[in-house]
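Colleague: I have a model open and would like to learn how to read it. Could you walk me through a few features?

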Amino acid sequence: MVYVHVCLIEAENLGLQYLSPYLDSIGSNFAQGANFATGGATILRPKESWFENGVSPFPLEIQVEHFTQFKDRTSYFYNQAKDKCSKQRLPRPEDLSRALFTLDVGQNDVALGIQTLSYQQQQAAIAKIVSQFISQVRILYQRGARAFWIHNTGPIGCLPVTCVKVKDPIAGYLDENGCVKSQNEIALQFNNHLKGEIVKLRGELSDAALIYVDMYAAKYELISNAKNQGFKQAFEICCGYHGIGYDVWCGNKGNVNGSEVHAGSCPNVTSVISWDGVHYSEAANQWIATHILNGSLSDPPVGIARACHNRGPSL
């Protein structure tokens, strides 16, 4: 339910329009679906403030509730509509059970753990995070969802905003590509636990299609082979200035080494992997989407075009 730009490219691949945000109701067209995501969202309920740390007040649980409201209200208004024009902007009630539910969430939970918990505490928190995620998938199923396209979390230890701050690391702190090894280990542990729980859930929800998509593998492959794929070095940031002792986020002004700077876009966005040190560039997202849409990084190996037309063990 949590949106990333890759989901837009997935929509393009299916021949769909970009999905209108649920929270942007003015002039929206929900005939082909809706986007319930918010930036900075988490799986667990946030304990921090949007105003202080940018953590979304709409965790996955609230997004699922938004879907419930959407389903009930659109069904009511569709059935009450007197003219064709009104109906054309709403999904047919029977279509919701045939929709593909794309979920990309978890990195913000992992990131918060890295910032606030010890390594052992992070490991202990993984089960709680994944359990909450699985409970929300069950609720979506109870409310009619049957096809799920679930992204795991990416190599958070490779985010440039982290890597550019490393100076004189001890042996083993970074991996062979310059990523923070311990952070990626936590991401992989999260992914392994998530995959295991999804496998269990398939036995419980036998008429659902639960497709696990290895976003970590796609992103790490891109970072590992950046130059061979037509990009500059993996940790270059297009918009923003980040280093030891300073962060000037994209679109802001700040001080770097005694000079005032404005963080604007780099001249050639298509040559960088990272847009702002945290989010991937459009070119990188296009590369990633191309490598996941055919199902080669999915379990089971089902491409997105087939994902919403399959159910249960026949996958």
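Modeller: Happy to! One term to begin with: contact means heavy atoms within 4.5 Å. Keep in mind that this is a predicted model.

Colleague: Which residues have the most contacts inside the largest nonpolar core?

Modeller: The general idea is that in soluble globular proteins, nonpolar side chains tend to be buried together. Here the largest nonpolar core has 66 residues, and Phe133 and Phe148 have the most contacts inside it. Helix 6, residues 119–142, gives the most to this core, with 8 residues.

Colleague: And which residues does Phe133 touch?

Modeller: Leaving aside residues up to four places away in sequence, Phe133 touches Ile43, Leu60, Leu103, Val105, Ile150 and Leu194.

Colleague: How do helix 6 and helix 8 cross?

Modeller: For a helix pair, look at the axes and then at the side chains. The axes of helix 6 and helix 8 (residues 181–204) come within 9 Å and cross at roughly 30 degrees. The crossing is right-handed. Among the residues making the contact are Phe133, Ile126 and Val130 of helix 6, with Leu194, Phe190 and Ile198 of helix 8. The residues of this contact divide into 13 nonpolar, 5 polar and 4 charged.

Colleague: What about strands: how many bridges join strand 6 to strand 7?

Modeller: As background, in a regular strand the side chains alternate between the two faces of the sheet. In this model, strand 6 (residues 240–243) and strand 7 (residues 246–249) run antiparallel and are joined by 4 bridges. Tyr241 stands opposite Val248 in strand 7.

Colleague: Which residue of that hairpin takes a positive phi?

Modeller: Gly245, with phi near 95 degrees; the hairpin has 2 residues between the strands.

Terms used: Residues numbered from 1 in each chain as written. Predicted model: local features only at pLDDT ≥ 70, side-chain atom pairs only at ≥ 80, totals over all residues. Heavy atoms only, no water. Core = buried A, V, L, I, M, F, W, Y, C linked by side-chain atoms within 4.5 Å. Buried < 20%, exposed > 50% of the residue type's maximum accessible area, 1.4 Å probe, protein only. Axes fitted to C-alpha atoms, helices over the stretch in contact; angles between N-to-C directions. Left-handed = near helix turned anticlockwise from the far one by under 90°. Nonpolar A, V, L, I, M, F, W, Y, C, P; charged D, E, K, R; others polar. Pairing = 2+ DSSP bridges.
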